[in-house]
Amino acid sequence: NCVAVDQRCQNGGDAERADKVFAERHFFVGEGETQAISAFARHHYPGVNMQRTVVLLRLPNLEHPLLVDLYRLQSESEHQYDYMLHYKGQITATNVQYRHCRDNCGVLGAENGYQHLFKFAEGSITDGLQLTWLQGGSFYTWLAAISDADLIFAHTGANDPQLNLRREDCLLLRTKARNHLFASVFETHGFFDEGSERCHGALSTVHRIAVLHSSPEASIVRICGEGIEARLAISNLPNVTASTENCVQAENATYNWRGFPDIQFQ
């Protein structure tokens with residue numbers, strides 16, 4: 001579940017080169033109601049710097065913590081960015097008006113793993129993504145702050161004459177940009193019992209995630225839903241410490257916090 005740049009493999013698929021480069025630790029917070037880990041990857045795609053911050057956010061009115069994924073990319077030239085999400089289960093709801101590729105179910109590419117993916121549906125995103133699937137006895141909802149992007153529904157099995165590939169579903173959130181922040185939140189909610197045909201909490205409590213600010217200094221997002229109004233700020237400064245004072249101007253407002261991540265409820 002990473003971002004592929006221009007439909008190419010990290011390090012050009014060169015295992016020897018991959019052994020020589022690695023991510024750089026940014027920060028780690030392993031205790032409390034807000035736990036987070038962040039790292040930089042500057043050498044896996046030439047000319048593209050990556051930073052990924054993953055936050056487990058426990059809110060008092062939710063049974064399970066939220067998983068917030070902030071995947072930031074920086075480049076001096078435009079690239080195609082594919083945020084990959086592999087899932088198991090049945091899609092139950094989405095706000096994307098997708099088109100099923102009945103007659104032209106095409107292969108997504110010619111190399112780098114794309115040659116093994118069949119595209120069976122796609123849709124355009126203009127104002128955020130919301131998608132829910134049922135896996136086991138729980139529902140999972142993915143919300144992403146994005147516009148002017150495409151969502152591609154795909155599965156493995158292309159170019160597999162001996163049928164050796166296991167059938168796996170995946171989603172590709174595709175956009176073109178120089179600098180971009182893939183801001184996502186994942187919520188686990190509800191339950192479904194097939195034997196008794198009981199279903200509860202199939203709709204997500206979180207309704208939206210929005211990017212308030214994205215820069216080399218900080219990433220700030222707003223998460224909204226039923227009884228939820230929270231602002232999450234992440235320091236992107238490479239030398240940040242627990243005592244660093246952060247100050248960012250965004251949306252005619254000034255945000256101040258100390259340390260790595262900061263969560264404010266409104």
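This briefing covers strand pairing and cysteine state in one structure. The model is predicted. Its strands include an open sheet of four, ordered 17-18-19-22 with antiparallel pairing, and strand 12, which pairs with strand 9 and with strand 13. Disulfides number zero.

**Open four-stranded sheet**
- The strand order is 17-18-19-22, and the pairing is antiparallel.
- Strand 17 (206-214) and strand 22 (261-265) form the edges, each pairing on one side only.
- On average, neighbouring strands in this sheet are turned by 20° against each other, with direction ignored.
- Seven bridges connect strand 17 with strand 18 (residues 218-225) in the antiparallel sense.
- Within strand 18, Ile223 is the residue that stands opposite Ile209.

**Strand 12 and its partners**
- Strand 12 spans residues 149-156 and is mostly covered, with six of its eight residues buried.
- Strand 9 (residues 117-125) runs antiparallel to strand 12 and is joined to it by eight bridges.
- Asp150 in strand 12 stands opposite Ser124.
- Strand 13 (residues 169-177) also runs antiparallel to strand 12, through six bridges.
- His155 faces Asp169 of strand 13, standing opposite that residue.
- In general, strands of a sheet pair through backbone hydrogen bonds, in either a parallel or an antiparallel sense.

**Cysteines**
- The structure contains zero disulfides.
- Cys9 is in no disulfide, and the nearest cysteine sulfur, that of Cys2, lies 12 Å away.

Note on methods. Residues are numbered from 1 along each chain as its sequence is written. This is a predicted model: local features need pLDDT of at least 70, side-chain atom pairs count only at pLDDT 80 or more; totals for chains, interfaces and linings use all residues. Side-chain values use heavy atoms; hydrogens and water are left out. A disulfide is a pair of cysteine sulfur atoms within 2.5 Å. Two strands pair if DSSP finds at least two bridges between them. Helices (H or I, at least four residues) and strands (E, at least two) are DSSP runs, numbered from the N terminus. Axes are lines fitted to C-alpha atoms, for helices over the stretch in contact, and angles run from 0 to 180 degrees between N-to-C directions. Buried means under 20% relative accessible area, exposed over 50%, partly exposed in between (1.4 Å probe, protein chains only).
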